[in-house]
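Open your viewer and get ready to click around. We'll go from stop to stop, and at each one you'll hear what to select and what is there.

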Amino acid sequence: MTHWGTLDYVVVDLEGNGGQPPDLVELAVVPIIGGIVGEPWSWLVRPSQPITRFVTGIHGISNEDVIDAPLFADVEAAVRAALVASALVGHNAAVDVGVLQRKLDRWECPEVFDTLTLARRLLPGRDSYSLSALVAEFDLAAGLGGDLRPHRAVYDAVVTARLFVHIADGRTLEQLRSQPPGRGQDDQLGLF
């Protein structure tokens, strides 16, 4: 049995422009090394298409906020360096992974742990598995600075990192990776 903290993780959260497919507006990365949540890195970038009013209403980032922000190509090397880890973690991770795969040509995504899927499997019986509901239930925003707010990449990445540690605590890596009996390889929980 392997302690879950033997892997180095990077927790990712992205905010998009509201397009289909979504384009990146904000990206935050939080390392978890030796089971300890590290300091976040974040980038605000100017998307190739404008930010819709609808998503500005959610994350609060407007086109005016990113008018002088760098293009993704200008921060790509730093993002690639920040993503080097044994595993990637995200809440509803498929969305974040999909955007990263479109933005990072030839990027090899590491093993992925999805806190939404892990919470559904390992914390059964909740009315909601939304990030905000789990953050409230486990008080995962305690001690965060007042300038951090939900639906911004740094806040969401930090609370997702704390959620992952909460879920993983007392479990082995094999337990995090396991899939319930009767599930097929295509819908394996916790991994993509």
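At roughly what angle do the axes of helix H5 and helix H7 cross? Select residues 115-122 for H5 and residues 153-168 for H7: their axes come within 10 Å and cross at roughly 30 degrees. Axes here are lines fitted to C-alpha atoms, for helices over the stretch in contact, and angles run from 0 to 180 degrees between N-to-C directions. Helices (H or I, at least four residues) and strands (E, at least two) are DSSP runs, numbered from the N terminus.

Before we move on, a word about what you're looking at. This is a predicted model, in which local features need pLDDT of at least 70 and side-chain atom pairs count only at pLDDT 80 or more, while totals for chains, interfaces and linings use all residues. Residues are numbered from 1 along each chain as its sequence is written, and side-chain values use heavy atoms, with hydrogens and water left out.

**Stop 1: where H5 meets H7**

The crossing of H5 and H7 is left-handed (the near helix is turned anticlockwise from the far one by less than a right angle; clockwise would be right-handed). Now show the side chains that make the contact (heavy atoms within 4.5 Å). On H5, pick Thr115, Leu118, Ala119 and Leu122; on H7, pick Thr160, Leu163, Phe164 and Ile167. Sorted by type, these residues give six nonpolar, two polar and no charged. For that sorting, Ala, Val, Leu, Ile, Met, Phe, Trp, Tyr, Cys and Pro count as nonpolar, Asp, Glu, Lys and Arg as charged, and the others, Gly among them, as polar.

**Stop 2: threonine 160**

Stay in helix H7 and click threonine 160. Is threonine 160 buried or exposed? It's buried, with a relative accessible area of 1%. (Buried means under 20% relative accessible area, exposed over 50%, partly exposed in between, using a 1.4 Å probe and protein chains only.) Not counting residues up to four places away in sequence, threonine 160 touches Val11, Val89, Gly90, His91, Thr115 and Leu131.

**Stop 3: the aromatic rings**

How many aromatic pairs does the structure hold? There are five. Rings of Phe, Tyr and Trp (its six-membered ring) pair if their centres lie within 6.5 Å; planes under 30 degrees apart count as stacked, over 60 as edge-to-face and the rest as tilted. Select tyrosine 9 and phenylalanine 113: their ring centres are 5.9 Å apart and the planes sit at 70 degrees, so this pair is edge-to-face. The partners come from distant parts of the chain, with tyrosine 9 in strand E1 (residues 9-16) and phenylalanine 113 in strand E6, 104 residues apart. Both tyrosine 9 and phenylalanine 113 are buried.

Phenylalanine 164 belongs to helix H7, 51 residues from phenylalanine 113, and is buried at a relative accessible area of 0%.

**Stop 4: salt bridges**

The structure holds six salt bridges (a side-chain nitrogen of Lys or Arg within 4 Å of a carboxyl oxygen of Asp or Glu). Here are some to click through:

- Arginine 80 and glutamate 76 meet at 3.0 Å, N to O. Both lie in helix H3 (residues 72-82), four residues apart, about one turn of the helix.
- Arginine 177 pairs with glutamate 111, the closest N and O atoms being 2.7 Å apart. This one links distant parts of the chain, from helix H8 (residues 173-177) to strand E6 (residues 111-114).
- Arginine 126 and glutamate 137 meet at 2.8 Å, N to O. Arginine 126 lies in the loop between H5 and helix H6 (131-138) and glutamate 137 in helix H6, so the pair ties together parts that are eleven residues apart in sequence. Glutamate 137 is partly exposed, at 42%.

**Stop 5: valine 37**

Finally, go to strand E3 (residues 36-37) and pick valine 37. At 30% relative accessibility, valine 37 counts as partly exposed. Which residues does valine 37 contact, leaving aside its neighbours within four places in sequence? They are Val30, Pro31, Ile32, Ala161, Arg162 and Val165.
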